[in-house]
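Here are my notes on the model you sent over. Have the structure open while you read, and go through the points in order.

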Amino acid sequence: MTLFIDGIIYNMKILAIETSCDETAAAVIEGDMSPKISSNVISSQIDIHKDFGGVVPEVAARAHIENIIPVITRALKESHATLDDIDYLAVTRGPGLIGSLVVGVETVKAISAARNIPIVPVNHLEGHLYANFLDTKPQFPLLALIVSGGHTMLVLVREHLSYKVIGTTRDDAAGEAFDKAAKLLGLPYPGGPAISKAAEKGDKDRYSFPIIDLTEKPYRDKDGFLRYPEPSLDFSFSGLKTALLKIVKEKKSFTKGEVNNLAASFEKAIVDNLLKNVLLAIERHKPKTFILSGGVAANRKLRENLKQELENKYPKVQYLIPEITLCTDNAAMIGAAAFYHIKKGSIEKESLIPVPNLKIS
Ligand code: KG4
Ligand code: ZN
């Protein structure tokens, strides 16, 4: 049972649920000063969607309905808990696929009504960010790069739960670019891991893809002085995909070795484009910690290159990445974010409905 003593919470147990896309996940998070994983169960639908080459929303929603209760039951069992031990329910409210989100939200509302347990709604993107608070201690102000299948953004966090988006994608997300590129190269879904695997055997310098700079052109102000706008921290990945499409169309057929070369060159392009803006943002905002999160944070090249660049250029900035299983969608990260909402007393009382395009700030 939770105890509040001198502003410190003791012994809090949260049952967290995540169903925003194609993973049905439940976790039990507990902790006093910081959140810890007691159990973390993920039922992936990759095998179901693989045949379609991507997530089919209707199929995803149906699979969540089938999986949600067994996944919750297992999460409770693995944590040696029952619903009697749970103080709070946490759930992803958005962003995500509406049919998928509804399953998690309505399940949590039913448990809440039956057991009188309060609900903490969590933004999926802040969940990704808080995956880094599960076994490490980031320092504020921190800079986060959230890179997933649906989002690519640089977020400045001055204190818990206070977000400022300083860069975002103008078109495709980085994960989406990986997924689309994999399709063009005849590699399986999900594209990120498939490209990454093929890239290991390829030559990253065989093809060159552009580094996109979205900085506005210099302009003359009303007094005739030339002004240079600040370099943009926004991203764009659709041009890389179009460049790849052009190569694929021109060549028509490829050897396996050539597919590996294209995968390696494309992966390098995504990583370099991400890296450029991260370094610019660190230079401009001087964070104490840099956090990498979201599904694409599982990419080995991205993890390694960022580490190397930060160690060389900003050795004083703490660099944090979640372990691989906490990069892609999971419920432990939702529980971690909920932990800080509860600590701050910022639990919304209004009736909970899923919001497919929920923003982070
Ligand atoms: O965060 P996530 O699990 O779901 C969303 O919130 O979108 O991210 C999924 C995305 C997919 O686009 C997938 O291709 C990408 O993350 N991804 C990767 C890797 N593992 C997953 N991208 C590159 N390299 C990887 N190893
Ligand atoms: Zn995600």
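Predicted model: local features only at pLDDT ≥ 70, side-chain atom pairs only at ≥ 80, totals over all residues.

1. Most residues other than glycine have a negative phi. Is Lys286 buried or exposed? The relative accessibility is 56%, so Lys286 counts as exposed.

2. Asn116 is another residue to look at for its backbone. Asn116 sits in the loop between H3 and S7, just after H3, and has a positive phi of about 55 degrees without being a glycine. With a relative accessible area of 70%, Asn116 is exposed.

3. Next, the cis peptide bonds. Most peptide bonds are trans. The bond joining Gly94 and Pro95 is cis, with omega about -5 degrees, and Pro95 belongs to the loop between S6 and H3. The peptide bond from Tyr189 to Pro190 is cis too, with omega near -5 degrees. Look for Pro190 in the loop between helix H5 (174-184) and helix H6 (191-199).

4. Now the stretch around that first proline. Strand S6 (residues 88-94), helix H3 (residues 98-115) and strand S7 (residues 119-123) form a β-α-β unit, and it is right-handed. S6 and S7 pair in the parallel sense over 5 bridges. Gly94, which takes part in the cis bond to Pro95, stands opposite Asn123 in S7.

5. How many residues of S7 are buried? The count is 5 of 5, so the strand is mostly covered, going by the cut-off of under 20% relative accessible area. In a regular strand the side chains alternate between the two faces of the sheet. In S7, Ile119, Pro121 and Asn123 point one way, while Val120 and Val122 point the other way, and all are buried.

6. Helix H3 checks out on length. At 1.5 Å a residue its 18 residues should span 26 Å, and the end C-alpha atoms are 26 Å apart, so the two agree. The buried residues of H3 are Ser100, Leu101, Val103, Gly104, Val105, Thr107, Val108, Ile111 and Ser112. Their cover includes strand S3 (12-18), helix H2 (57-78), S6 and S7.

7. Thr92 deserves a click. This residue is in strand S6, and at 2% relative accessibility Thr92 counts as buried. The side chains of Thr92 and Glu18 are joined by a polar contact of 2.6 Å. Leaving out residues up to four places away in sequence, Thr92 touches Ile17, Glu18, Ser20, Leu101, Val105, Val122, His124 and Ile334. Of these, Leu101 and Val105 are among the buried residues of H3, and Val122 is a buried residue of S7.

8. Glu18 also turns up in the contacts of Asn330. Asn330 lies in the loop between S14 and helix H10 (332-344), and its relative accessibility of 0% makes it buried. What does the side chain of Asn330 reach? It reaches the backbone oxygen of Thr328 at 2.8 Å and the backbone nitrogen of Ala332 at 3.1 Å. Not counting residues up to four places away in sequence, Asn330 touches Glu18, Ala25, Asn40, Ile42 and Thr325.

9. Last, helix H9 (residues 300-313). Buried here are Leu302, Arg303, Leu306 and Leu310. They cover an arc of only 100 degrees around the axis, which puts them on the same side of H9. An α-helix has 3.6 residues a turn, so residues three or four places apart point the same way. Gln308 and Asn312, on the other side of H9, are exposed. The buried residues of H9 pack against strand S8 (142-147), helix H8 (256-285), strand S13 (289-293) and strand S14 (318-320). At the start of H9, a side-chain oxygen of Asn299 comes to within 3.1 Å of the backbone nitrogen of Lys301.

Note on methods: Residues numbered from 1 in each chain as written. Chains lettered and ligands numbered in written order. Heavy atoms only, no water. Buried < 20%, exposed > 50% of the residue type's maximum accessible area, 1.4 Å probe, protein only. Helix = DSSP H or I, 4+ residues; strand = E, 2+ residues; numbered from the N terminus. Arc of directions from axis to C-beta. Contact = heavy atoms within 4.5 Å. Polar contact = N/O pair within 3.5 Å; in protein donor to acceptor, adjacent residues only side chain to side chain. Pairing = 2+ DSSP bridges. Right-handed = clockwise from strand over helix to strand, strands pointing away. Expected span 1.5 Å × (residues − 1).
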